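Let's take a tour of a protein together, one region at a time. Have a look at the sequence and the 3D view, then read on.

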Amino acid sequence: MTSDTVISARDLSLTFQTNDGPVHALKDVNLEVQKGDFVSFIGPSGCGKTTFLRVMADLEHPTDGQITVNGISPEDARKARAYGYVFQAAGLYPWRTIGGNIRLPLEIMGYAKADQDTRVQRVLELVDLAGFEKKFPWQLSGGMQQRASIARALAFDADLLLMDEPFGALDEIVRDHLNEQLLELWKRTSKTICFVTHSIPEAVYLSTKIVVMSPRPGRITDVIESPLPRDRPLDIRDTPEFLEVAHRVREGLRAGHGDAV
Ligand SMILES: Nc1ncnc2c1ncn2[C@@H]1O[C@H](COP(=O)(O)OP(=O)(O)OP(=O)(O)O)[C@@H](O)[C@H]1O
């Protein structure tokens with residue numbers, strides 16, 4: 001572990017006790033995420049991707065092993081507002097404007113009104129939604145709503161962004177566009193991003209590191225350091241280098257499961 005280590009998981013396990021017996025959502029997971037990494041977690045349903053992200057966010061607690069976030073416990077990291085969390089659904093309050101939704105965590109955290117205004121404007125620009133502050137969520141497309149939820153997660157300047165399949169419900173063209181924008185945002189802000197996805201092309205396009213997982217018990221079967229450059233136009237997806245990484249991810253998924261994702 002170095003001073004640039006953002007996530008460090010050592011022999012991390014989490015077992016849920018259910019009426020049907022124990023569910024081994026995570027088993028002996030070891031992983032290091034460095035500052036500025038874009039890490040995707042990919043694997044079939046039930047392999048523990050969401051659980052792992054929730055452990056980082058202190059929303060679930062490991063039953064064994066250790067994990068640190070910025071060198072401290074997830075609980076301390078949560079209290080220090082170390083991360084922003086983006087959920088599968090945008091989860092915007094329909095009775096609040098876009099600006100009001102982004103402002104909400106800032107209000108809760110007690111930021112001064114003028115500071116709130118500046119931050120809302122800045123993150124709206126970052127996600128290309130300048131001018132939409134006074135609209136209500138239902139007046140925006142699904143992709144715009146998801147961008148607003150990213151803006152909300154960015155509003156308090158956390159260096160770590162935890163994203164749980166944020167674009168899963170969107171059509172492919174919108175998704176391509178958001179992937180490009182997210183990559184731009186990541187390059188501009190040097191955030192560390194942990195990103196859950198079911199899509200091999202999405203994982204390969206976005207990531208510096210791809211974590212392949214398999215279920216029952218949930219574990220890591222491969223960690224792929226991407227050889228692709230950080231500058232990635234969408235058509236990089238047609239290059240042999242891209243296809244080779246995609247192939248390795250697919251092989252990893254097959255080895256761990258046998259079924260398609
Ligand atoms: N609160 C809970 N109580 C009991 N079991 C749970 C709980 N949360 C998750 N699980 C189980 O833990 C396992 C891992 O779930 P998790 O949601 O992390 O998987 P996932 O890889 O994110 O799946 P998906 O891709 O479908 O979102 C699953 O078998 C799931 O049923």
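Predicted model: local features only at pLDDT ≥ 70, side-chain atom pairs only at ≥ 80, totals over all residues.

Two residues are in contact if their C-beta atoms, placed from the backbone, lie within 7 Å. Helix 3 covers residues 98–108, and its buried residues are Ile-98, Gly-99, Asn-101, Ile-102 and Arg-103. What do these buried residues of helix 3 pack against? They pack against helix 4 (113–126) and helix 5 (142–154). Just after helix 3 comes Gly-110, with a positive phi of about 80°.

Now zoom out. The protein splits into domain 1, made of 5–82 + 160–256, and domain 2, made of 92–157. Where the two touch, domain 1 puts in eleven residues and domain 2 puts in eight. On the domain 1 side, helix 6 (residues 172–189) supplies the largest share, with five residues. That side of domain 1 has eight nonpolar residues, two polar ones and one charged one. As for spacing, the centres of domain 1 and domain 2 are 25 Å apart, taken over C-alpha atoms.

## Strands side by side

Strand 1 and strand 2 make a hairpin, with two residues between them. They run antiparallel and are joined by ten bridges.

## Around the ligand

Which residues come nearest to the ligand? Of the 13 residues around it, the nearest are Phe-16, Ala-25, Ser-45, Thr-50 and Thr-51. Strand 1 (5–18), strand 2 (21–34) and helix 1 (49–56) each give two or more residues to this shell. Helix 1 gives the most, with three residues.

So what kinds of residues make up the shell around the ligand? Sorted by class, there are four nonpolar, eight polar and one charged.

## What the record says

UniProt has an unreviewed entry that lists residues 7–236 as "domain: ABC transporter". In the model, that span is 33% helix and 28% strand, and its end C-alpha atoms lie 29 Å apart.

Definitions and conventions:
Residues numbered from 1 in each chain as written. Near = placed C-beta within 6 Å. Helix = DSSP H or I, 4+ residues; strand = E, 2+ residues; numbered from the N terminus. Nonpolar A, V, L, I, M, F, W, Y, C, P; charged D, E, K, R; others polar. Domains from an automatic or database assignment. Buried ≥ 20, exposed ≤ 12 C-beta atoms within 10 Å, placed from the backbone. UniProt positions renumbered as here; feature names shortened; annotations may be inferred. Pairing = 2+ DSSP bridges.
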